[in-house]
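Subject: Structure handover

Hello,

Here is the structure for your files. My notes on it follow below.

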Amino acid sequence: MKDILSTAGLETLCHFITPRTLLAFDLDGTLAPISPDPNEIKVADELQQELQIIMQHLPVAVITGRNRRDAMRFLEISPHYLIGNHGAEGLPLWKEAETRFSKLSQDWKMQLLQSLETSDAGVLLEDKGTSLSVHYRHTANREQAYHRLMHMIKKLTPEPRVVEGKCVINLVPYDAPHKGDALLELMHLAGMDSAVFMGDDETDEDVFALKQGNILTVRVGKSATSQADWFIPEQNDVLKTVTAMRLHLQRAQALANQQELHRGGPQESLTEP
């Protein structure tokens with residue numbers, strides 16, 4: 001992995017972004033810092049302002065593990081696409097399947113509630129509709145809680161697809177689309193030839209693992225095991241990266257305007273989707 005904020009990284013990023021590039025972001029840990037209380041995350045005002053400007057030029061997507069309604073509480077902007085539940089909610093082609101996904105999530109929740117004991121204090125089951133998140137951040141012994149929860153999860157029927165996060169185990173239907181599937185479908189819907197995706201943990205590896213030349217992936221935090229192409233050292237660096245995108249788009253638009261004036265022809269935006 002290489003630092004996208006290095007000179008070579010920024011050159012690569014700017015060269016990659018064209019008028020037909022979709023920009024996509026995870027929410028928790030990427031657009032917003034991780035918080036011990038998931039209800040207390042905050043997307044910085046300055047970052048939202050930068051994204052608002054970018055949205056005038058290119059389509060922007062947020063692909064999050066939260067459900068869509070919950071995610072909207074933390075966004076003052078309205079991205080062109082908002083996909084929830086790790087890809088299992090909000091994709092047009094999968095709308096009819098969401099009812100079935102929700103029933104599976106409810107079944108897993110009931111099975112786990114029957115297995116949990118008083119000694120499992122601190123475990124939180126978050127029903128997100130088309131997926132279920134099992135939080136263990138506030139347990140007395142996280143490692144012990146993790147192994148006990150995984151033992152219970154392996155007994156669930158039908159077996160869920162497990163997507164691990166930071167002190168959370170996400171349970172998703174095996175045939176539900178994941179974040180990688182969501183990004184590819186959004187590129188098709190938006191008519192974009194390429195995409196940039198920024199994420200921060202295991203839940204984003206389904207995108208990082210695509211390994212397609214027309215998708216540039218950036219991970220928040222360096223990891224020897226991640227399949228992301230590039231990284232930024234800290235969550236605070238998301239703003240720097242997004243600002244670099246915005247400046248590139250504005251320079252490209254200014255150059256296009258200048259060229260049109262010299263030619264004396266009609267002005268046409270080079271950065272609108």
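A disulfide here is a pair of cysteine sulfur atoms within 2.5 Å. By this rule the count is 0 disulfides. The model is predicted: local features need pLDDT of at least 70 and side-chain atom pairs count only at pLDDT 80 or more, whereas totals for chains, interfaces and linings use all residues. Residues are numbered from 1 along each chain as its sequence is written, and side-chain values use heavy atoms, with hydrogens and water left out.

Cys-14 counts as buried because its relative accessibility is 17%. Cys-167 is also buried, at 14%.

The rest concerns strand 8, residues 168–172. Strands (E, at least two residues) and helices (H or I, at least four) are DSSP runs, numbered from the N terminus.

Two strands pair if DSSP finds at least two bridges between them. Strand 6 (residues 132–135) pairs with strand 8 in the antiparallel sense over 4 bridges, with Leu-132 opposite Leu-171. Strand 7 (residues 161–164) also runs antiparallel to strand 8, joined by 4 bridges, and Arg-161 stands opposite Val-172. Strands 7 and 8 form a hairpin with 3 residues between them. In that turn, Cys-167 has a positive phi of about 60°.

Regards

Definitions and conventions: Buried means under 20% relative accessible area, exposed over 50%, partly exposed in between (1.4 Å probe, protein chains only).
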